[in-house]
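This report is for a reader who is new to the structure.

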Amino acid sequence: MAIVVNLDVMLAKRKMRLNELGDAIGISVQNLSVLKTGKARAIRFSTLSAICRVLECQPADILEYTLGEDEPLED
């Protein structure tokens, strides 16, 4: 996958647990866990905004693009 989710890194930097974040933004721990492990196929902007508000960070602190092995380079 070309998008890396660094939610666990931001949680550690803020010394916050996943269940605390879930309670603060009204999202279940199960859904946040799917996002944290990189298994999510999508994220709503409203969810990303709420995560950034609570963790006091930018979307780029949570989501990172890397060139995947399965992605061809285009000229």
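## Terms and model

A residue is called buried when its relative accessible area is under 20%, exposed when that area is over 50%, and partly exposed in between. Helices and strands are DSSP runs, numbered from the N terminus. The model described here is predicted.

Helix H4 covers residues 45-55, and its buried residues are Thr47, Leu48, Ala50, Ile51, Cys52 and Leu55.

Ala50 is one of the residues of H4. Ala50 counts as buried because its relative accessible area is 11%, and the cut-off for that word is under 20%. Ala50 can also be placed relative to Ile27: the two are 23 residues apart in sequence, and their C-alpha atoms are 9.8 Å apart in space.

## The largest nonpolar core

In soluble globular proteins, nonpolar side chains tend to be buried together. In this model, the largest nonpolar core has 17 residues, and those touching the most other members are Leu7, Leu21, Leu32, Ile51, Leu55 and Ile62. Helices H1, H2, H3 and H4 are the elements that give two or more residues to this core. The largest share, five residues, comes from H4.

Which residues does Leu7 touch, leaving aside those up to four places away in sequence? Leu7 touches Leu18, Leu21, Leu32, Leu35, Lys36, Ile51, Leu55 and Ile62.

## Two cysteines without a disulfide

A disulfide is a covalent bond between the sulfur atoms of two cysteines. How many disulfides does a search of the whole structure find? The search finds zero.

A disulfide needs the two sulfur atoms within 2.5 Å. Seen from Cys57, the closest cysteine sulfur is that of Cys52, again at 4.1 Å and too far for a bond. Cys52 counts as buried, at 9% relative accessibility, and Cys57 also counts as buried, at 9%.

## Positive phi in two loops

Lys15 is a residue other than glycine with a positive phi, near 50°. Lys15 is found in the loop between H1 and H2. Is Lys15 buried or exposed? Lys15 is exposed, because its relative accessible area is 75%.

Glu56 follows helix H4 and is found in the loop between H4 and H5. The phi of Glu56 is positive, near 50°, and Glu56 is likewise not a glycine. Glu56 counts as exposed because its relative accessibility is 65%, where the cut-off is over 50%.

## A nonpolar patch on the surface

Some nonpolar residues are found at the surface: Ile3, Tyr65 and Leu67 form a nonpolar patch there. Together these three residues have about 310 Å² of accessible area.

Leu67 is found in the segment after E2. Its relative accessible area is 48%, so Leu67 counts as partly exposed.

Key: Residues numbered from 1 in each chain as written. Predicted model: local features only at pLDDT ≥ 70, side-chain atom pairs only at ≥ 80, totals over all residues. Heavy atoms only, no water. Buried < 20%, exposed > 50% of the residue type's maximum accessible area, 1.4 Å probe, protein only. Helix = DSSP H or I, 4+ residues; strand = E, 2+ residues; numbered from the N terminus. Patch = residues over 30% accessible without salt bridge, like charges linked within 9 Å, V, L, I, M, F, W, Y side chains within 5 Å. Areas by Shrake-Rupley, 256 points an atom, 1.4 Å probe, with all protein chains shown as cover. Salt bridge = Lys/Arg side-chain N within 4 Å of Asp/Glu carboxyl O. Core = buried A, V, L, I, M, F, W, Y, C linked by side-chain atoms within 4.5 Å. Contact = heavy atoms within 4.5 Å.
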